[in-house]
Amino acid sequence: RWEWAAPILRQLEEAGYTRRSGVKTYKGQAFEITDAGRAALDQKPAEVKRTGKLTMAMENHLIFTAKRQEQGWPYETCCNRSTLEALEARDLVTIERRPGSWQHVRLTEAGRVKASALMGHDVVIAPQRDCD
């Protein structure tokens with residue numbers, strides 16, 4: 001929602017990463033990414049120290065992905081990107097980016113072992129079904 005994004009966009013504008021574009025409407029002010037903002041987006045993000053501890057959201061996504069793979073269904077999503085990227089950083093899932101904002105999520109071997117421990121039984125990954 002624009003009420004939540006506006007303070008962040010103003011801070012980015014002060015840093016020179018965005019600029020106002022067009023007129024303000026009832027939906028809020030439009031912003032554009034500047035060249036400096038694009039350059040900042042192209043940089044590799046700073047390495048974040050990650051603990052081995054998983055949040056409840058990460059555990060739930062790991063279990064959901066394991067259940068889908070046990071049944072042979074592919075898990076595609078366009079949301080919860082930060083949670084899935086945190087799992088990917090811990091080498092528990094692989095994420096294949098698709099066109100648009102879709103992503104295909106699969107467990108790694110370490111993810112399968114961790115999901116097995118969380119679920120209380122050995123996760124056996126079935127061959128992926130065709131969904132077309």
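**Exercise 1.** Is Tyr-17 buried, partly exposed or exposed?

*Solution.* The model is a predicted one, in which local features need pLDDT of at least 70, side-chain atom pairs count only at pLDDT 80 or more, and totals for chains, interfaces and linings use all residues. Residues are numbered from 1 along each chain as its sequence is written, and side-chain values use heavy atoms, with hydrogens and water left out. Tyr-17 sits in the loop between α1 (2-15) and β1 (18-25), where helices (H or I, at least four residues) and strands (E, at least two) are DSSP runs numbered from the N terminus. Its relative accessible area is 34%, so Tyr-17 is partly exposed, given that buried means under 20%, exposed over 50% and partly exposed in between (1.4 Å probe, protein chains only).

**Exercise 2.** Find which face of helix α3 is buried, and what covers its buried residues.

*Solution.* Begin with the residues: Met-58, His-61, Leu-62, Thr-65, Ala-66 and Gln-69 of α3 are buried. Seen down the axis, the buried residues fall within an arc of 135° and so line one face of the helix, the arc being that of the directions from the helix axis to the C-beta atoms. Their cover includes β3 (75-77), α4 (81-89), β4 (93-97), β5 (103-107) and α5 (109-119).

**Exercise 3.** State where His-104 is placed and which residues it contacts.

*Solution.* His-104 belongs to strand β5 and is buried, with a relative accessible area of 5%. Leaving aside neighbours within four places in sequence, His-104 has contacts (heavy atoms within 4.5 Å) that include Pro-74, Tyr-75, Thr-94 and Gln-128.
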